[in-house]
Amino acid sequence: MNQQKNALYPSEVHSPMEVEVKIYRPSPKGPVLADASVTLNGCFAIRGIQIREGKNGPFVSMPSRQVKGEYRDVCFPCTKEFKQAFDQTVLEAYQMELRQKEEPVQSGPVMGGMGM
């Protein structure tokens, strides 16, 4: 397998990443609590994200496919730090959507910045 890396920006430039999260069908209970779409820097979209209920509370489940009997994520954060920031941003958007559902206010996409 041949891998190629293309620098979109010089490696010394680290600007915050703009993350737009859209939550669909939020629910406080159930195995699937909500569906989500995330857009990174307005130029890369990830659809098929789910917020699921786990033993330790809600967690972010990335889109996956079944390969030889096991599920593998189709796309995923490559570093522990980015995964934590990504999951936190999605879960905060979910919590905000639940609060807005309780007290109806006009809602829109959540915009956040992650210092990545």
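A disulfide is a pair of cysteine sulfur atoms within 2.5 Å, and this structure holds zero of them. What you're looking at is a predicted model, where local features need pLDDT of at least 70 and side-chain atom pairs count only at pLDDT 80 or more, while totals for chains, interfaces and linings use all residues. Residues are numbered from 1 along each chain as its sequence is written, and side-chain values use heavy atoms, with hydrogens and water left out.

**The overall picture**
- Read from the N terminus, the order of elements is β-β-β-β-β-β-α-β.
- Of the 116 residues, 30% are buried, and here buried means under 20% relative accessible area, exposed means over 50%, and partly exposed is in between (1.4 Å probe, protein chains only).
- The protein exposes about 8,800 Å², with carbon and sulfur atoms supplying 51% of that area; the areas come from the Shrake-Rupley method with a 1.4 Å probe, and for residues only the protein chains shown count as cover.
- Take the contacts (heavy atoms within 4.5 Å) between residues at least 6 apart in sequence: 42% of them join residues at least 24 apart.

**The cysteines**
- Cys78 is exposed, at 72% relative accessible area.
- Cys43 is exposed too, at 66% relative accessibility.

**The aromatic pair**
- Searching the whole structure turns up one aromatic pair; rings of Phe, Tyr and Trp (its six-membered ring) pair if their centres lie within 6.5 Å, and planes under 30 degrees apart count as stacked, over 60 as edge-to-face and the rest as tilted.
- The partners are Phe82 and Phe86, a tilted pair with 6.0 Å centre to centre and 45° between the planes.
- Phe82 and Phe86 sit four residues apart in helix H1 (residues 80-102), so about one helical turn separates them.
- Phe82 is buried at 12% relative accessibility, and Phe86 is buried at 1%.

- Leaving aside residues up to four places away in sequence, Val90 touches Val21, Ile23, Ala36, Val38, Ile51 and Val60.
- Ile51 is 39 residues from Val90 along the chain, yet their C-alpha atoms are separated by 8.2 Å.

Technical notes: Helix = DSSP H or I, 4+ residues; strand = E, 2+ residues; numbered from the N terminus.
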